[in-house]
Amino acid sequence: MKLFNTMTRQKEEFVPLTPGEVKMYCCGPTVYNYIHVGNARPMILFDVLRRYLEYRGNKVTFVQNFTDVDDKIIKRANEEGTTSQAISEKYIDEYFKDAHGLGVRDATIHPKATENIQQIIDLVQTLIDKGYAYAVNGDVYYRTKKFADYGKLSHQPIEELQAGARIDVNDVKEDPLDFALWKAAKPGEPYWDSPWGQGRPGWHIECSAMSNRYLGKTIDIHCGGEDLQFPHHENEIAQSEAANGCKFVNYWLHNGFLNIDNQKMSKSLGNFFTVREAAEAYGYEAVRFFMLSAQYRSPLNYSRDSLIMAQNSLDRLYTAESNLEFLVKNGADGEMTPQERAFTETFDSYRKKFDDAMDDDLNTADAVSVIFELVRAINIAVEKTPTKALAQACLEMLHEFTQVLGLLYQKKEGEENLDAKVEAMIQARQAARKEKNFAEADRIRDELKAMGITLMDTPQGVKWSKA
């Protein structure tokens with residue numbers, strides 16, 4: 001498998017530190033609001049990377065943090081007249097609702113910054129002891145220019161970084177590019193005791209401390225949005241490598257930006273959408289499918305038409321799944337015919353195409369194309385009177401791919417109960433027709449129609465679908 005490493009700006013063969021094991025860290029949200037559709041892209045794409053690495057036989061330890069102490073959280077708490085902890089807990093819960101709706105699996109570990117204060121303090125103290133940080137008036141700053149390789153991830157000279165850095169004008173710093181590791185407490189803010197007085201951690205040091213604690217000094221993959229390259233990931237490298245004296249990350253992965261109707265998403269333009277809003281309009285899984293429709297490093301344009309196309313494509317996959325599930329129950333008994341067996345022997349060729357796409361820097365767009373190519377072939381293979389065995393083999397092959405991409409997971413609330421009710425009504429209709437009670441059969445048909453159920457007569461019996 002080859003991955004595009006932001007550090008080297010080229011695709012590299014992925015070789016984990018320990019064969020068969022992958023240590024992976026992904027920057028999580030600052031929890032002060034509902035996640036927006038831009039947040040959803042790295043969540044979904046790096047969930048797929050994890051799934052694929054596991055599909056290929058690796059044990060993945062996946063860490064995704066929550067930044068649960070931050071200026072934005074404090075501001076939101078003050079606006080709502082509550083505590084920072086109440087705000088962060090609320091939006092962590094809301095995060096999981098959206099993440100699960102999007103089919104994103106929980107990380108192996110979801111550490112919170114506030115659960116790692118001692119680890120953060122210890123790391124800051126190490127940096128001070130090594131001369132990479134200094135305390136002043138209860139704040140602690142990192143000596144950016146002391147780290148010789150600063151700027152190696154964002155590939156910019158330090159002079160350009162200094163000009164473009166998001167920094168406060170602060171006379172107490174030794175250099176304008178120095179950034180905060182620890183912030184002295186202000187009235188009304190949450191704080192913790194430290195060797196430098198009461199305060200709270202800076203944003204960048206949190207991820208360094210949590211990655212170090214849960215994955216070790218050197219990890220395989222660190223991923224996040226393109227906007228995190230600088231300053232966040234650049235600062236993580238400076239902190240971690242200065243403190244530990246070794247390489248921090250072997251492969252840096254960053255997803256491309258998400259535009260809204262060909263414009264950058266912003267509240268001022270009125271095109272700011274939360275995942276919750278998108279899901280209410282199009283469904284969570286349509287959002288997930290849309291995010292897989294382009295290679296993760298490419299910019300992606302979010303629009304109403306794109307989401308509708310995603311939903312239509314999903315419908316085709318669900319129809320194929322439903323057809324196969326029906327044939328598994330109602331197909332011919334017995335072993336596969338020689339012709340059917342020959343068809344299943346083509347599955348390896350689809351696996352190779354799928355793996356080739358995913359091995360090429362996680363090209364989910366091409367992998368999705370392979371799934372639809374498979375579906376077209378399956379539809380032809382089961383067109384007439386297939387055996388249950390063939391239908392089962394085809395269904396398993398379809399699910400093998402969709403599970404890697406995290407698709408075909410949405411079961412609408414009450415769907416299982418609906419299935420049982422509809423099946424019972426179809427049986428009652430069939431019995432009425434057999435008894436030549438056509439009035440009763442027509443009544444049941446009309447009731448099903450009113451429920452949005454369409455009946456289709458097939459050689460294997462009556463098949464139904466819901467509009």
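Author: Lysine 186 counts as exposed because its relative accessibility is 53%. The cut-offs are these: buried is under 20% relative accessible area, exposed is over 50%, and partly exposed is in between, with a 1.4 Å probe and protein chains only. The model is a predicted one, where local features need pLDDT of at least 70, side-chain atom pairs count only at pLDDT 80 or more, and totals for chains, interfaces and linings use all residues. Residues are numbered from 1 along each chain as its sequence is written, and side-chain values use heavy atoms, without hydrogens and water.

Lysine 186 sits in the loop between β7 (179-184) and β8 (199-201). Helices (H or I, at least four residues) and strands (E, at least two) are DSSP runs, numbered from the N terminus.

Asparagine 137 is in the loop between β5 (133-136) and β6 (139-142). Its phi is positive, near 55°, though the residue is not glycine. Asparagine 137 counts as exposed because its relative accessibility is 66%. Histidine 155 lies in the loop between β6 and α5 (158-164). Its phi is also positive, near 60°, again in a residue other than glycine. With 31% relative accessibility, histidine 155 is partly exposed.

Now step into strand β5, where tyrosine 134 is found. Tyrosine 134 counts as buried because its relative accessibility is 7%. Contact here means heavy atoms within 4.5 Å. Leaving out residues up to four places away in sequence, tyrosine 134 touches Ile128, Asp139, Val140, Tyr141, Arg143, Val172, Lys173, Glu174, Asp175 and Asp178. Alanine 180 is 46 residues away in sequence from tyrosine 134, with 9.8 Å between the C-alpha atoms.

Go on to helix α6 (residues 203-215). Its 13 residues reach 19 Å from first to last C-alpha, close to the 18 Å expected at 1.5 Å a residue. The expected span is 1.5 Å times one less than the number of residues. Buried in α6 are His204, Ile205, Glu206, Cys207, Ser208, Ala209, Met210, Ser211 and Leu215. Just after the helix, glycine 216 takes a positive phi of about 105°.

Cysteine 207 brings up sulfur pairing. The whole structure has 0 disulfides. A disulfide is a pair of cysteine sulfur atoms within 2.5 Å. Cysteine 27 is in no disulfide, and its nearest cysteine sulfur, that of cysteine 207, is 4.1 Å away. Cysteine 27 counts as buried because its relative accessibility is 14%. Cysteine 394 is buried too, with a relative accessible area of 0%.

Helix α7 (residues 229-244) contains proline 231. The peptide bond from phenylalanine 230 to proline 231 is cis, with omega near 5°.

Next, α3 (residues 84-101). Its 18 residues should span 26 Å, and the end C-alpha atoms are 26 Å apart, which agrees. Its buried residues are Ser84, Ile87, Ser88, Tyr91, Ile92, Glu94, Tyr95, Phe96, Asp98, Ala99 and Gly101. An α-helix has 3.6 residues a turn, so residues three or four places apart point the same way. Cover for the buried residues of α3 includes α1 (37-55), β4 (59-64), α2 (71-80), α8 (275-282) and α9 (284-291). Glycine 103 follows α3, with a positive phi near 75°.

Last, the whole chain. It holds 16 helices and 15 strands. Its C-alpha atoms fill a box of roughly 90 × 50 × 40 Å along the principal axes. Of its 467 residues, 51% count as buried. Among contacts with a separation of 6 or more, 76% join residues 24 or more positions apart. The chain exposes about 22000 Å², of which carbon and sulfur atoms supply 48%. Accessible areas come from the Shrake-Rupley method with a 1.4 Å probe; for residues, only the protein chains shown count as cover. There are 56 positive and 70 negative charges, and their mean positions are 3 Å apart. Lys and Arg count as positive and Asp and Glu as negative, while His and the chain ends are not counted. Each charge is placed at NZ of Lys, CZ of Arg, CG of Asp or CD of Glu.
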